[in-house]
Amino acid sequence: MWKNVKYVQPKGFRQIAIIGMNLLAPKTCCFGLWRVRRILSSYNSSVHHTDHSVQKECRTEPPWKVLFFGTDEFAVESLKILYASRQESSGRIVESLEVVTLDKDLPVRRFASANNLVVHDWPHVHPQGRFDVGVVVSFGCLLREGLIRQFQYGILNVHPSLLPRWRGPAPVFHTVLHGDAVTGVTIMQIRPNRFDVGPILSQEVCQVPEHCTSEQLGASLATVGASLLIETLKNLPERIANRKEQSKEGATLAPKINTAMSWVMWEEQTCDHISRLYRAIGSRVPLRTLWMGDFIKLLDFVGKFSVSEAEDRAVPGSILFHKESNTLLVRCKDGWVGFKTVMLRKRLSAADFYNGYLHTFFIKRHCLQHQHCLFQSKLAQTNEQPSRLTPPRLGAHATGTVYRSKD
């Protein structure tokens with residue numbers, strides 16, 4: 001420890017002062033005795049305090065002191081089970097619990113405030129060795145190495161996929177969008193400044209229910225993830241000792257959803273693809289298409305529809321009104337899909353849209369050709385778009401037109 005020690009006889013003093021490498025003092029400099037003693041005293045106190053605190057806080061079994069990082073409803077499920085564990089009189093997994101979240105009105109903040117948990121606003125977080133382990137659930141912010149190293153057992157992450165599949169901020173959406181039959185939850189250790197690449201401590205496999213939405217699947221995985229988190233914390237040192245690195249094969253990315261994903265490509269997408277797209281993102285980003293130069297949102301998806309053989313030969317983007325079910329049908333690559341409602345300047349039922357835009361009176365009045373009365377894919381539109389049209393008064397009779405389905 002005391003390599004490069006130099007003994008200096010300060011002028012005017014008989015005592016020997018020790019100047020070590022750890023004090024960052026040049027070998028040639030001389031300190032007054034009072035200053036050397038002051039530095040050494042401070043240094044020794046710091047060393048002794050650190051050693052004492054590490055020895056005191058080095059736990060090998062529960063209950064743990066936990067700092068929780070989270071934001072949304074998915075994260076609240078894990079926070080709830082940690083909070084419940086802290087309240088148990090025996091067999092507790094959590095001794096103390098504090099929360100880190102963004103400076104916004106978020107579900108995690110509301111739960112923490114309602115239950116009198118200490119809340120820290122990100123990024124103003126200074127654990128300073130007061131916690132055994134950190135837990136991150138749906139937080140969305142990169143964590144620096146200096147922060148992670150302040151926890152004896154690092155920081156754990158509850159991730160709703162079977163890593164390395166669907167790394168990124170939107171794994172549940174991509175699970176539904178790509179039609180995965182199996183998914184699950186992974187508990188992993190956070191690596192500094194990177195998302196979802198750390199070693200795996202535990203995983204649980206789940207079947208994806210048929211025709212489920214991303215919200216339904218997310219709620220189910222949140223519950224599974226919360227239970228798996230508690231099971232991992234029960235024997236955390238053992239889980240860490242047996243951790244395994246993620247495979248380099250089978251890794252896929254799950255980027256955030258955005259409006260660019262919501263455009264329906266009638267010529268390319270099948271009925272099943274449109275169904276998965278709607279179930280994955282429809283509740284947050286409505287599906288969209290083009291109608292006579294205007295953007296139109298497609299709402300209240302009802303799935304695949306069967307039509308007559310003659311109508312089934314229509315080109316992609318063709319529109320039919322199914323009067324009996326009050327549904328607007330659109331031809332895609334391999335069939336017809338239905339929507340109950342659309343948004344064009346305002347919310348319209350299928351009947352209102354038909355009466356206002358597809359009725360014979362409207363078609364003849366504006367001298368429209370059949371190709372003008374199609375939903376168009378965004379990438380398929382040409383530079384010469386039809387002029388934007390103002391619909392006539394709604395409520396015309398929805399009969400006697402080729403745009404009404406015979407079913």
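Tutor: Asp-121 counts as partly exposed, because its relative accessibility is 28% (buried means under 20% relative accessible area, exposed over 50%, partly exposed in between, with a 1.4 Å probe and protein chains only). This is a predicted model, in which local features need pLDDT of at least 70 and side-chain atom pairs count only at pLDDT 80 or more, while totals for chains, interfaces and linings use all residues. Residues are numbered from 1 along each chain as its sequence is written, and side-chain values use heavy atoms, with hydrogens and water left out.

The partner of Asp-121 is Arg-109, and the closest N and O atoms of this salt bridge are 2.4 Å apart (a salt bridge is a side-chain nitrogen of Lys or Arg within 4 Å of a carboxyl oxygen of Asp or Glu). Asp-121 belongs to strand β5 and Arg-109 to helix α3 (residues 107-114), so that distant parts of the chain, 12 residues apart, are linked (helices, H or I of at least four residues, and strands, E of at least two, are DSSP runs numbered from the N terminus). Arg-109 is classed as buried, because its relative accessibility is 18%.

A second pair is formed by Arg-130 and Glu-98, whose closest N and O atoms lie 3.5 Å apart. Here too distant parts of the chain are linked: Arg-130 sits in the loop between β5 (118-121) and β6 (133-137), and Glu-98, 32 residues apart from it, sits in strand β4 (residues 94-101). Arg-130 is partly exposed because its relative accessibility is 37%, whereas Glu-98, at 15%, counts as buried.

Glu-231 and Lys-234 meet through their side chains in a salt bridge of 3.0 Å, N to O. Both residues lie in helix α6, three residues apart, which is about one turn of the helix. Glu-231 is partly exposed at 37% relative accessibility, and Lys-234 is partly exposed as well, with a relative accessible area of 43%.
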